[in-house]
Amino acid sequence: MSTDVKSITNPLPREMVKNTYPILYEVEQSHWWFIGRRRILAGFVEEICRQVTDRRSRILDVGCGTGANLLMLSKYGEAEGVDVSEDALAFCRARGLDKVKLGAGEELPYEDATFDLVTAFDVVEHMDDDLAGLTEMRRVLRPGGRVLLFVPTFMFLWGLQDEVSHHRRRYRLPELRRVLEKAGFEIERSTYANVTFFLPILVMRKLMRLTGIKTASENNINVPALNGVLGKILGAESTVLRYMNLPFGVSGLCVARVKK
């Protein structure tokens, strides 16, 4: 492992448990977490793609999963996806997304200097070697191209979703910046995100550990009637993040540029 972030040893295969993909496919378009996260990310994607003035941006989503983020990215450029799971890619195709390939983040099936933006939303924490994965993302970026990362933060927030998703680690921002710089990037922006639900998520995960409550995924723990309201509350952080960085949060967000 390349970073000095505390890592969890997981004997299970690297690929996410197969039965989480049908759950993800069902909830990605409606669950408040995914709705709010996409609203936050869309602001950053739009700003990055606006800087490509002579054509539509080429975007690669590493670890594209079942494709809801690809639908969002397609609004801002020519978006393609790559994932280690054929099951995930089958769900992408069910959404009408055909520009997807099978491949690992550490060995991307693309030529050098192909993309203007590479995104990895809750992906690099899965990698055994995050430095190798980020170095590979840099390889497929054009000079001056950018990577946009969204990662889970703080090991004390470790919970069921980290287990079922086969996470290797949760980050603090200094650790994420350090491995990005080792991979050849210059940091443009880094901030925590989802400060809104930090305390509820911390309490929920502590209670789940104490009580031994088990479920196939934390995505199943939800009140569907509140999805719209909660998604808007989380998504409102996109406005705050235009003007300031957040000091803590359930997630971390980083924009970095390929060194020229």
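A: The following account begins with the chain as a whole and then turns to its helix contacts and selected residues.

The model is a predicted one. Its chain comprises 10 helices and 7 strands. Of its 260 residues, 55% count as buried. Among the contacts in the chain with a separation of 6 or more, 76% are accounted for by residues 24 or more positions apart.

The packing of helix 1 and helix 4 may be taken up at the outset. Helix 1 spans residues 20-27 and helix 4 spans residues 86-94; their axes come within 10 Å and cross at roughly 25°. An angle under 35 degrees counts as roughly parallel, and helix 1 and helix 4 are therefore roughly parallel to each other. The crossing in which helix 1 passes helix 4 is right-handed. On the side of helix 1, the contact involves Tyr-21, Pro-22 and Tyr-25, which meet Asp-87, Ala-88, Phe-91 and Ala-94 of helix 4. By class, this contact of helix 1 with helix 4 contains 6 nonpolar residues, no polar residue and 1 charged residue.

Pro-22 is located in helix 1 and is partly exposed, with a relative accessible area of 38%. From Pro-22 to Ala-88 the separation in sequence is 66 residues, while their C-alpha atoms are 8.8 Å apart in space.

A second pair is formed by helix 5 and helix 7. Helix 5 covers residues 130-139 and helix 7 covers residues 173-182; they pack at an angle of about 55°, with their axes 9 Å apart. Helix 5 and helix 7 are therefore oblique to each other. Helix 5 also passes helix 7 in a right-handed crossing. The residues that make the contact are Asp-130, Leu-131 and Leu-134 from helix 5, together with Val-179, Leu-180 and Lys-182 from helix 7. This contact of helix 5 with helix 7 divides into 4 nonpolar residues, no polar residues and 2 charged residues.

Helix 9 can be described through its buried residues. Within helix 9, residues 227-235, those that are buried are Asn-227, Leu-230, Gly-231, Leu-234 and Gly-235. They cover an arc of only 130° around the axis, and so they lie on the same side of helix 9. The partners against which the buried residues of helix 9 pack are helix 2 (32-50) and helix 10 (237-241).

Asn-69 belongs to helix 3, residues 68-73, and counts as buried because its relative accessibility is 5%. Leaving aside residues up to four places away in sequence, Asn-69 touches Glu-28, Arg-37, Arg-38, Asp-61 and Phe-121.

Two loop residues complete the account. Most residues other than glycine have a negative phi. Ala-113, however, has a positive phi of about 50° although it is not a glycine. Ala-113 is placed in the loop between strand 3 (100-102) and strand 4 (115-121), and it is partly exposed, with a relative accessible area of 36%. Asp-122 likewise is not a glycine and has a positive phi, of about 55°. The loop that holds Asp-122 runs between strand 4 and helix 5. At 18% relative accessibility, Asp-122 counts as buried.

Notes:
Residues are numbered from 1 along each chain as its sequence is written. This is a predicted model: local features need pLDDT of at least 70, side-chain atom pairs count only at pLDDT 80 or more; totals for chains, interfaces and linings use all residues. Side-chain values use heavy atoms; hydrogens and water are left out. Axes are lines fitted to C-alpha atoms, for helices over the stretch in contact, and angles run from 0 to 180 degrees between N-to-C directions. Helices (H or I, at least four residues) and strands (E, at least two) are DSSP runs, numbered from the N terminus. Angles under 35 degrees count as roughly parallel, over 145 as roughly antiparallel, 65 to 115 as roughly perpendicular and the rest as oblique. A crossing is left-handed if the near helix is turned anticlockwise from the far one by less than a right angle, and right-handed if clockwise. Contact means heavy atoms within 4.5 Å. Ala, Val, Leu, Ile, Met, Phe, Trp, Tyr, Cys and Pro count as nonpolar, Asp, Glu, Lys and Arg as charged, and the others, Gly among them, as polar. Buried means under 20% relative accessible area, exposed over 50%, partly exposed in between (1.4 Å probe, protein chains only). The arc is that of the directions from the helix axis to the C-beta atoms.
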